[in-house]
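Dear colleague,

I am handing over the structure we spoke about, and my notes on it follow directly below. Please read them with the model open beside you.

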Amino acid sequence: MTKGATRRGVLVSSLALTAVAPEAARAAKPAPAFADLHWLGDVPPSAPGAAVWGAPWPRGAVKAKTALTAVGADGQALPLQTWPLAYWPDGSLKWTGHALAGAPASNALVGGFQVKPGKPVQPSRPVQVRETQERIEVAAGDFVCRFSRAGGNLIESVSLAGRETLRGGRLVCLNQTLPPGDLSPRETQVFDGAIDTVTVEQRGPVRAVVRFEGRHRGAGRDWLPFTLRVAVDAEGRLTLTHSFVFDGDGNRDFIAGLGIRFDVPLTDEPHNRHVRFAGEGEGMWGEAVRNIPGWQPAKFALAGKFKDQLRGERVPDLSAMDAKTRDQLLTVPAWDGYRLFQGDADAFVIDKRTNTKSSWLRADHGGRSPGFGYIGGVSGGVAFGLRHFWQRHPTGLEIEGATTDAATVTLWLWSPQAGPMDLRHYSDRAHGLEIQYEDVEAGHSTPMGIARTNQVFLWPVAATPSREALSAMARTTSEPPLPVAAPAYYQSCGAFGVWAPVDRSTPVKARLEAEHERLLGFYQREVEQRRWYGFWDHGDVMHTYDQDRHVWRYDVGGYAWDNSELVPDLWLWTAFMRTGRADIFRMAEAMTRHTGEVDIHHLGPFKGLGSRHNVSHWGDGAKEARISQSLLRRHYYYLTADERTGDIMASLVDADHALAAVNPVRKVAAKTTYPTQARSGPDWFAFASNWLVAWERTGDTQWRDKIVKGLDAIAASSHGMFTGPPFGYDPATATLYDLGTAFTTSYHLVTIMGGAEFVFELDGLIDDPAWTKAWARFCAYYNAPQAERQAALGQAAIDRYFGYPVWHARLTAWAARKLNDPALAQRAWKEFLTATKSGQERGPAPIQRVTGTAVLEPIDEMANVSTNQSSQWALNLFELLALVGDAAPASLPASWD
C-alpha cells in the first residue's frame, strides 16, 4: 500500500469513527471571575463623561444575576452600572455591558481597574429617571435634563444648578429637488425631526438612555426615519447617537443639509460671552462675542483685561465701567454668527459675521478639526463635539444669535456650505460582469435604505472652561476613552472563535507576524494616502489595485469599494484581538460603522441584505446576506456595548425572508419548485450568524434550533458539506432542501465570506456529532490532492471547482486539530506557504515608491494588491497559528526569499 493510500485510510477511519468533543466542552473548571482592564491606547479619560464598554466572561464563571463591581488600581471602589449583553448556552454571562463613572485622570483610573463579582457603589450624584405623560426627566444631582414625548423638540431643556443651559434640542434637514450643477431655479425644502416614539432604555445609576424614533417632517411629507439615543451620565455629559435611513428617491432628493440643533440661553453681556473652535492637536481658536480693544491701551481703560477675556475669565460688566469706557466698548463690533466648515479631509475655515445683513469675514483656517466648539458666557454655556468630523466631511459647526438672549448651535452632519448630497448611481447604463466585475440589474442600484450613524457629545458647563479643559473635551470627541482587556484574557474567555495572541516564538512565526504587520500598515497608510474619507466613504477600503494606472480601481464596477468582500472586517477585528492595538481598533471601528450602515439596506425591497462591492457602495445588483450578516458586527457590539449596532443585528434575524424576492443564485442556477434557493455558504451561514447573535443575546433557544435544523439538513444531504452549494430554501420554515444536483461552476465562496469563522465558533456551543463529522470531512478534503479527494467523494470531486488553496488552508488546519492528524497539520502549512502559478496567493508583495510623470504625486504602492487576498491571507495566518502553530515549518519556501 502506498504512503498516500495509507494516510487516506487513516483519515477515512478517523472521520468514520471519531465524534470529536467540542473544545469548550473539554475545558477544565472555569477561569477566575474577574476582568483586568486598561484604557485603549493607554489613554485614560481626560474630560467628564462615563466610559461605556463590554467585557467577556469564561463559560460558567458568572451566573446571570451576579452583581459586579469595579475596583481601581488603588483599591478604591468605582461607580459601575452593568447589564447583560450575551449568555453562554448554560445561561451564564458571556458578555456584559458597563458604564463607569470616575473623575478624569484620577489615580483610581489611570492605572486601569478590575471588574469582579461584588456589590457596586453608587456615583456621588446617581442618575435617576422620572416619567410623566408629557415628558421624561433625567437628573443627576443638580444636573437635570427634560425630554419631550411628542413634537419636534426632543430635548426640552438641560439645567445646571437651577440655570437653563440648553434648550430646544432638535433635528433639521434641508433638501433640494434639483441635482448639483443644475442651475435652474430651486427651492430649499426645510424638514424638522418629529417624534413618533420615546423609550427609556436605561435608568442609571451611572447612565440613563432615552431613545427617540421618528421622521423628518415638512414640504408635505414625512421621510428620513431617524433614531436618536441620548445618554445622560453621572458626570454631567450628554452623548447623542444619531442614525438616519435614506428612504427618498436618489434621482430627485438631494440633501443639502442635515444637522442636530439646539439653543443656548445667554445672560452675560457680549464681552463676557465666548466662542471656541478646536483645531489640530491642542489648537484652539477663541474670542469673545465682543472683544475688548486690547490694542488701544492708552485710550481704553480696560485694555489690560484683554488677556483675561481671551482666557474666558470674567471682566467688568458695563455697569461697573465709567461712561466713557462703556460708550467706547459699545462701538466695538459684536459678532453674532460663527461657523467652522470642514470642506474636505485637509482643510477647514472659520468665518464670523456681525448680522445676517452683513458679509462673512474669514477669521482663520486650518487642516483637520476634531469638530469641537463652545458657546457660552462666564455664567455658563455648552461645549459640543461631533465625532469623525474631518473624516466624514463635508461637516460644519455653526453658531447664530450669539448677540441675542439665546444662541442657536447647529452641528452639521452634512454642511449646507457644501453642494447637496448626490446619491445617484455613477452611471445610467449597464456594464458587463466579466469585463467590469459589476452585477447589473434594473432597480437594484438604489440608495433606498442606506443609513449613517454619527455621535455627538454635549457638556453643559457652569462657566467658560479653560482652553486646556476644552482641548481635553476635543480629544474625547475624537477618541472616547474605552476600557479593554489584554488579548490573553479575551482568548481565555473563548471570545470570537479561533485566534491566538501574537506569536513570534520561532524565526518563521516572527517573519510571518512581521509580514502581517507590514500588510496591515500598508492599508492603514493607504487610507491616508488615498484619502478614503467622506460622509459615505469613511471606513471602507478599496477592492483591487490597478497596477497600470497606479491607483485602485475606483471607477471599475465591482473592483472599487470593498463592502466587506471576503470579510476584511474580521481581519481587522481579529488583528485587534491578537494585539490590543488602539490604531487597529479605530480602523476596525470605522469599517464596522460603515459596512453596518452604508452597505446594508435597512428598509425597502432589499431590507436585510447588503450590496456587493461596487463603484457606488449601494450600486451593485447583487444584494446578499454575506454583507449584512451579524458576524461582521459582533466584535464592535460586544467590545463597546453600542446600542445602534445591537439594533442592526436584531433587525437581521429574518433577513433570510428577503431571499423570497432576491434569489442569490437566480442568474446561475435553474429555478426550482421551492420558494427560493440558498447556498450553504455564504447565504445560510450568514443567516445562521444572525441567529447565533439572537440566541446569545436573548438566551431564546428558538434561534439555536434554527441553526441546528440547518446543520442537520446539510449533514444529512447527499454529499454533506459537498452538496450544492445551492439548496432549495423555504424562509417560512427555515428549511434547506437537497437539490440532488452539483453546482459545477465554483465552490470556493462557501467559507471565505465568514463561513469558516462562524463554524469554528459554533464548536463548543452546539454538540451535533453528525454535523461535526460532515464539517471535518469537508475541511479534510477541500484542499486535498485531486486523486485523494476523488477517491473519497467520487463525481462530486470532479464537478466542483476547489480554488484558492491558500484561502482554505485553515480548513485543513481545523481537520488536523479535530482529528489529531500531524500529516494534515503539515499539509495546512504547505498549502498556506506555497504560491500558486499565478503567485496571487502568496504573502504580501514588496512596497515600492512610484514617482515621476506616471503618477499625480509620489506614492507608495504594493503591486497588484487585492483586499480579497489580503484579508484571507491574514485570517488564514491567524487561524493556522492558533490551530496548528506547533506544526509550523522550520523555514519558509524559497519563493519567500
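Contact, as the word is used throughout this email, means heavy atoms within 4.5 Å. In that sense E438 touches H425, Y426, H431, G432, L433, G557, G558, R612, N614 and D620, where residues up to four places away in sequence are not counted.

Before going further, a word on the basis of these notes. The model is a predicted one, in which local features need pLDDT of at least 70 and side-chain atom pairs count only at pLDDT 80 or more, while totals for chains, interfaces and linings use all residues. Residues are numbered from 1 along each chain as its sequence is written, and side-chain values use heavy atoms, with hydrogens and water left out.

To stay with E438, this residue lies in the loop between α5 (433-436) and β27 (451-461); here and below, helices (H or I, at least four residues) and strands (E, at least two) are DSSP runs, numbered from the N terminus. E438 counts as buried because its relative accessibility is 2%, buried meaning under 20% relative accessible area, with exposed over 50% and partly exposed in between (1.4 Å probe, protein chains only).

The next topic is the strands, where two strands are said to pair if DSSP finds at least two bridges between them. An open sheet of three strands runs in the order β2-β6-β5, with antiparallel pairing. Its edge strands are β2 (51-56) and β5 (80-87), each of which pairs on one side only, and the twist averages 20° from one strand to the next. Within this sheet β2 is joined to strand β6 (residues 93-100) by six bridges, the two running antiparallel, and W53 has H98 in β6 as its bridge partner. Helix α14 (residues 680-698) packs on the sheet and touches β5 and β6, its direction making about 135° with that of β5; axes are lines fitted to C-alpha atoms, for helices over the stretch in contact, and angles run from 0 to 180 degrees between N-to-C directions.

A further open sheet has five strands in the order β4-β3-β7-β1-β28, again with antiparallel pairing. Here β4 (77-78) and β28 (483-484) stand at the edges with a single partner strand each, so one side of each is left without a neighbour in the sheet. Strand β1 (residues 35-39) pairs with strand β7 (residues 113-117) in the antiparallel sense over three bridges, and the bridge partner of D36 in β7 is Q114.

Two hairpins also deserve a look. In one, strand β8 (residues 127-131) and strand β9 (residues 135-140) run antiparallel and are joined by five bridges, with three residues linking β8 to β9 and with Q128 standing opposite A139 in β9. In the other, strand β18 (residues 273-278) pairs with β19 in the antiparallel sense over five bridges, and F277 has W285 in β19 as its bridge partner. Five residues lie between β18 and β19, and G281 in the turn has a positive phi of about 60°. Strand β19 (residues 284-288) is largely enclosed by the rest of the structure, because five of its five residues are buried: M284, G286 and A288 point one way from β19, W285 and E287 point the other way, and all are buried.

Finally, there are two helix pairs. Helix α15 (residues 701-716) packs against helix α18 (residues 769-782) at an angle of about 55°, with their axes 9 Å apart. That angle makes α15 oblique to α18, on the convention that angles under 35 degrees count as roughly parallel, over 145 as roughly antiparallel, 65 to 115 as roughly perpendicular and the rest as oblique. L711, I714 and A715 in α15 meet A770, W771 and A774 in α18.

Helix α8 (residues 507-529) and helix α9 (residues 568-579) pack at an angle of about 125°, their axes being 12 Å apart, which makes α8 oblique to α9. E513, H516, L519, L520 and Y523 in α8 meet W571, L572, A575 and R578 in α9.

With best regards
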